[in-house]
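Here's a quick briefing for anyone opening this structure for the first time. Have a look at the sequence and the 3D view, then read on.

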Amino acid sequence: MDLRIPVSCSPCSSIRPNRRNRASTLAMTAKSQLQMDSAVTSTQVPTHSVTVHDRKRGVVHTFSVPEDQYILHSAESQDISLPFACRHGCCTSCAVRIKSGQIRQPEALGISAELREKGYALLCVGFPSTDVEVETQDEDEVYWLQFGRYFARGPIDRDDYALELAMGDE
């Protein structure tokens, strides 16, 4: 049951609006705050030019990326197709070598500190800190640089005899 007090009888009517007015006032205030926040954010976040030399496809892409957005995500929002797989910084599908500029990548688990020092980065979790020029890398090559020394000392030769033994057990 909704009890309403006539405006002339309520001592607080000038201070407290009814529920409907209060909700619309809050909604308008929230909308105004969001508009102000987005206006402030868009003017405060620097945008950088990113140039990607896609070696596999033989094309060069140049696009703008705000400092607070992932390079891969910004490229996709501008209809630019770049290599990727996991989108979490764990694999090496989107690996690039930095030719100039700087990329901040705190979540890049697929690139060791050693490879980062050599100029490797991951576009899926990379933020541009400056204007950047990068070159895509062969995923297998980067994976080998990253993990090869832990798994093997070179390519694995197929062992047909072991395969026959394994198949015979089934």
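A salt bridge here is a side-chain nitrogen of Lys or Arg within 4 Å of a carboxyl oxygen of Asp or Glu. By this rule, Lys118 and Glu114 make one, with their closest N and O atoms 3.6 Å apart. Keep in mind that this is a predicted model: local features need pLDDT of at least 70, side-chain atom pairs count only at pLDDT 80 or more, and totals for chains, interfaces and linings use all residues. Residues are numbered from 1 along each chain as its sequence is written, and side-chain values use heavy atoms, with hydrogens and water left out.

**Confidence**

- The predictor's confidence in each residue is its pLDDT, which runs from 0 to 100.
- For the protein chain the mean pLDDT is 79, and 64% of its residues reach 70 or more.
- Residues 7–20 have pLDDT below 50, and beyond near neighbours in sequence this stretch has four contacts (heavy atoms within 4.5 Å) in the model.

**Salt bridges**

- Side chains of opposite charge can pair when their charged atoms come close.
- The count comes to four salt bridges.
- Asp54 and Arg57 form another one, at 3.2 Å from N to O. Asp54 is buried, with a relative accessible area of 3%, whereas Arg57 is partly exposed at 45%.
- Arg87 and Glu76 also meet in a salt bridge, at 2.7 Å from N to O. This pair links distant parts of the chain, eleven residues apart: Arg87 sits in the loop between α2 (71–77) and β3 (95–100), and Glu76 in helix α2. Helices (H or I, at least four residues) and strands (E, at least two) are DSSP runs, numbered from the N terminus.
- Both partners are partly exposed, Arg87 at 39% and Glu76 at 27%.

**Cysteines**

- How many disulfides (pairs of cysteine sulfur atoms within 2.5 Å) does the structure hold? The number is zero.
- Cys91 is in no disulfide, and the nearest cysteine sulfur, that of Cys86, is 3.7 Å away.
- Cys94 is buried, with a relative accessible area of 2%.

Technical notes
A disulfide is a pair of cysteine sulfur atoms within 2.5 Å. Buried means under 20% relative accessible area, exposed over 50%, partly exposed in between (1.4 Å probe, protein chains only).
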